Amino acid sequence: MKSKYTALVAGANGVIGSSLIEYLLTLDNWQVIGLSRKGGQNSDRLRYISVDLLNKKETSEKLQQLTDVTHIFYAAYQDRSSWAELVPPNLTMLVNVVEVIEPVASDLHHISLMQGYKVYGAHLGPFKTPARETDAAHMPPEFNADQQQFLEEKQKGKKWTWSAIRPSVVGGATTGNPMNLAMVIAVYASISKELGLPLRFPGKPGAYNKLLEMTDAGLLAKATVWAATDPRGANQAFNITNGDLFRWEELWPKLAAWFNLETAPPLPMQLQVIMADKKELWKSIQEKYNLEGHSWEAVSSWTFGDFVFGWDYDMFADSSKSRRSGFHEYIETETMFYKLFDELRNKKIIP
């Protein structure tokens, strides 16, 4: 029986893309095509295409035969050293995908764009909270805004629709992701335990008691598909979060307890500095506990950890628009962390 929908997932191996694919394959009426530079393992209803989306010629050659695509889920991301440098590659990749697929996919329904709180200026410093989808834009450069503007202009007069999905920090259990906070905490805790140390919060002094929120990757996948298939999601932006708020001062001791660790007063530390010499220690931990041989680089997200733990201002948005529009899933953030730690342990990534 032929599937009703064909999803094209750009950024298929990231924490967001991989969770989206996993969820789509639980739904009977979807075929999935995953795009990434590394490719992936094909299976029933899923095939991967290895492609460099920055290369327009290669993108055209490899994607122009995908005439049956009904939904584009864009979650690809290229990191750069400055905010301005983020714009050209991330806008180019989206443009390349859309400009190849849209002319050949006659039954294109929807294009879903994955964004984040950079739309609200969260990366620049303290911003208005709770952030809402109707908040004013900020001074560029900002690739999220440029991507959305491109889709809005491209969609005019077309039958397909778009949505912009705005999660907070995403919690997932994939390796090789530069923005994986659950991995940061899990590896940091495992090393602390091996060294016989308490688990200290390493962030800025003011970050320990500020309000934050997160977004579970599985919940995000459900919200993304909902917005792409429900008429109420058409041509809209949505904040998607777990549905609760937390402060590290309350949650941190609970996470430490999961690893059977004590805590000690917070001590500001740059993780990317103090973890620079821990590669050999991690190899010894892998051997001692018979863990999978993932490279140190694959489990290291220290720069991102420093970024998140440096938020000495509130970091949360109003996600009620999605609930008013029909999406009602939620998960407790504490429970999310335990679930992810369990998954990392079951995958033998951490001891």
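1. Lys321 lies over the face of Phe238, at 5.0 Å from the ring centre. As with every value in this note, the distance comes from a predicted model.

2. Where do Trp248 and Trp252 sit relative to each other in the helix? They are four residues apart in helix α7 (residues 248-258), so about one helical turn separates them. An α-helix has 3.6 residues a turn, so residues three or four places apart point the same way.

3. Are Trp248 and Trp252 buried or exposed? The cut-off for buried is under 20% relative accessible area. Trp248 counts as buried because its relative accessibility is 1%, and Trp252 counts as buried because its value is 0%.

4. Trp248 and Trp252 also belong to a cluster linked by ring pairs. Among the other members are Tyr188, Phe201, Tyr208, Phe246, Trp258 and Phe309.

5. Phe309 leads on to helix α10 (residues 302-309). Six of the eight residues of α10 are buried, so the helix is largely enclosed by the rest of the structure. Those buried residues are Trp302, Phe304, Gly305, Asp306, Val308 and Phe309.

6. What covers the buried residues of α10? The cover includes strand β7 (169-171) and the helices α5 (181-194), α7 and α8 (271-274). Helix α7 is the one that holds Trp248 and Trp252.

Conventions: Residues are numbered from 1 along each chain as its sequence is written. This is a predicted model: local features need pLDDT of at least 70, side-chain atom pairs count only at pLDDT 80 or more; totals for chains, interfaces and linings use all residues. Side-chain values use heavy atoms; hydrogens and water are left out. Helices (H or I, at least four residues) and strands (E, at least two) are DSSP runs, numbered from the N terminus. Buried means under 20% relative accessible area, exposed over 50%, partly exposed in between (1.4 Å probe, protein chains only). Rings of Phe, Tyr and Trp (its six-membered ring) pair if their centres lie within 6.5 Å; planes under 30 degrees apart count as stacked, over 60 as edge-to-face and the rest as tilted. A charge sits over a ring if NZ of Lys or CZ of Arg is within 6 Å of the ring centre and within 35 degrees of the ring normal. Contact means heavy atoms within 4.5 Å.
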